[in-house]
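Please look over the sequence and the model below. A short report follows.

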Amino acid sequence: MAKGSQQKGGRATPKGTRSGSGPSSRAMPSSGRYTPPIPKEHKVSPPWVPVVMFGCLGLGVLMIVLNYLNMLPGDANNGYLLGGLALITIGFVAATQYH
């Protein structure tokens, strides 16, 4: 390419054409203004979803910390760690259901 033939900005379409003049634009007329899509439905989570989410996350972390501090019944064992990780996992799954 020649040095002077590169464009550094300007129009995206050639002058005199419309952005909606292609073959795929025949279905909807172009209004010139952005119209956001209409939402199919407005989803609202039940109030128990964030309670379960934060409760499981908090209890899981608390169970793991108390296990390392030897404050749970019995010695520190892997059962408490797995239980804490299971509660944290349930909290993450509940977080994906929150809208």
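Leaving aside its neighbours within four places in sequence, which residues is Asn-67 in contact with? They are Leu-72, Asp-75, Ala-76, Asn-77, Tyr-80 and Leu-81. Asn-67 itself sits in helix 1. Its relative accessible area is 2%, under the 20% cut-off, so Asn-67 is buried.

**The chain as a whole**

This is a predicted model. The chain has 99 residues, and 14% of them count as buried. Its secondary structure comes to two helices and zero strands. Among contacts with a separation of 6 or more, 60% join residues 24 or more positions apart. The chain exposes about 8,800 Å². Carbon and sulfur atoms supply 64% of that area.

**Helix 1**

Helix 1 covers residues 48-68, which makes 21 residues. At 1.5 Å a residue, helix 1 should span 30 Å.

Which residues of helix 1 are buried? They are Val-49, Pro-50, Met-53, Cys-56, Gly-60, Ile-64 and Asn-67. Seen down the axis of helix 1, these buried residues fall within an arc of 160 degrees, so they line one face of the helix. What covers the buried residues of helix 1 includes helix 2, residues 78-96.

The face turned away from the buried side carries the exposed residues Trp-48, Val-51 and Phe-54. Take Val-51, which lies in helix 1. Its relative accessible area is 59%, over the 50% cut-off, so Val-51 is exposed. The C-alpha atoms of Val-51 and Gly-91 are separated by 9.5 Å. Along the chain, Val-51 and Gly-91 are 40 residues apart.

| Residue | Relative accessible area | State |
|---|---|---|
| Asn-67 | 2% | buried |
| Val-51 | 59% | exposed |

Asn-70 is a residue other than glycine. Most residues other than glycine have a negative phi. Asn-70 is found in the loop between helix 1 and helix 2.

Note on methods: Residues are numbered from 1 along each chain as its sequence is written. This is a predicted model: local features need pLDDT of at least 70, side-chain atom pairs count only at pLDDT 80 or more; totals for chains, interfaces and linings use all residues. Side-chain values use heavy atoms; hydrogens and water are left out. Helices (H or I, at least four residues) and strands (E, at least two) are DSSP runs, numbered from the N terminus. The expected span of a helix is 1.5 Å times one less than its number of residues. Buried means under 20% relative accessible area, exposed over 50%, partly exposed in between (1.4 Å probe, protein chains only). The arc is that of the directions from the helix axis to the C-beta atoms. Contact means heavy atoms within 4.5 Å. Accessible areas come from the Shrake-Rupley method with a 1.4 Å probe; for residues, only the protein chains shown count as cover.
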